[in-house]
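User: Hey, could you walk me through this model? I'd like the fold first and then the side-chain details.

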Amino acid sequence: KEMPDFSPMIIHVIGIVETLAALCLALPVITRRFLGFVMWGAAIIAAEGLWFSLYHFQRDAFFPALMTLVLAACAAFVAWVRYKESKTQTKSQAPVL
């Protein structure tokens, strides 16, 4: 085992979640639709990065922990920007009464 602290089931769940995040990021580029999926993919990566950072900090692996925190911060920024863009697009597309 490469990660003795995790069961094989947890490793499979992590793989499924990462595949889902990759699809959320790639699908809008491929189809030119479903732009809201980018926000969800970035949010998944941000949450995963925070979780992995905590894992590394508990094992005194500070450099990997800092790198995953940087990844999580970048992904959270992308998710936040996409969220703000989706809110402004919704408001601008609303009918004026």
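This is a predicted model: local features need pLDDT of at least 70, side-chain atom pairs count only at pLDDT 80 or more; totals for chains, interfaces and linings use all residues.

User: Good. How many helices and strands does the chain have?

Analyst: Three helices and zero strands, so the pattern along the sequence is α-α-α. Helices (H or I, at least four residues) and strands (E, at least two) are DSSP runs, numbered from the N terminus.

User: Where are the helices α2 and α3?

Analyst: Helix α2 covers residues 36-58, and helix α3 covers residues 62-93. Helix α1 is 8-31.

User: What share of the residues counts as buried?

Analyst: 22% of the 97 residues. Buried means under 20% relative accessible area, exposed over 50%, and partly exposed in between, with a 1.4 Å probe and protein chains only. The chain exposes about 7,300 Å², with carbon and sulfur atoms supplying 72% of that; these areas come from the Shrake-Rupley method with a 1.4 Å probe, and for residues only the protein chains shown count as cover.

User: And what about contacts between residues at least 24 apart?

Analyst: Taking contacts between residues at least 6 apart in sequence, 47% join residues at least 24 apart. Contact here means heavy atoms within 4.5 Å.

User: Switching topic: how many disulfides?

Analyst: Zero in the whole structure. A disulfide would be a pair of cysteine sulfur atoms within 2.5 Å. Cysteine 24 counts as buried because its relative accessibility is 11%, while cysteine 74, at 46%, counts as partly exposed.

User: Now the rings. How many aromatic pairs does the search find?

Analyst: Six. Rings of Phe, Tyr and Trp (its six-membered ring) pair if their centres lie within 6.5 Å; planes under 30 degrees apart count as stacked, over 60 as edge-to-face and the rest as tilted. One of the pairs is phenylalanine 34 with phenylalanine 37: the centres are 5.4 Å apart and the planes are at 15°, so the pair is stacked.

User: Which residues do ring pairs link into a cluster?

Analyst: Phe6, Trp51, Phe52 and Tyr55. Tyrosine 55 sits in helix α2 and is buried, at 15% relative accessibility. Beyond neighbours within four places in sequence, tyrosine 55 is in contact with Asp5 and Phe6.

User: What lies over the face of phenylalanine 34?

Analyst: Arginine 33, at 5.2 Å from the ring centre. A charge sits over a ring if NZ of Lys or CZ of Arg is within 6 Å of the ring centre and within 35 degrees of the ring normal. Phenylalanine 34 itself is in the loop between α1 and α2, and its phi is positive, near 60°, in a residue other than glycine.

User: Which residue in the loop between α2 and α3 has a positive phi?

Analyst: Aspartate 60 is in that loop, with a positive phi of about 60° although it is not a glycine. Aspartate 60 counts as exposed, at 57% relative accessibility.

User: Last one: what joins the side chains of serine 53 and threonine 68?

Analyst: A polar contact of 2.5 Å. The term covers a pair of N or O atoms within 3.5 Å; within protein, one must be able to donate a hydrogen and the other to accept it, and residues adjacent in sequence count only if both atoms are side-chain atoms. Serine 53 lies in helix α2 and is buried at 2%, while threonine 68 lies in helix α3 and is buried at 15%. The threonine 68 side chain also reaches the backbone oxygen of alanine 65 at 3.0 Å.

User: And which residues does threonine 68 touch?

Analyst: Gly49, Phe52, Ser53 and His56, leaving out residues up to four places away in sequence.

Conventions: Residues are numbered from 1 along each chain as its sequence is written. Side-chain values use heavy atoms; hydrogens and water are left out.
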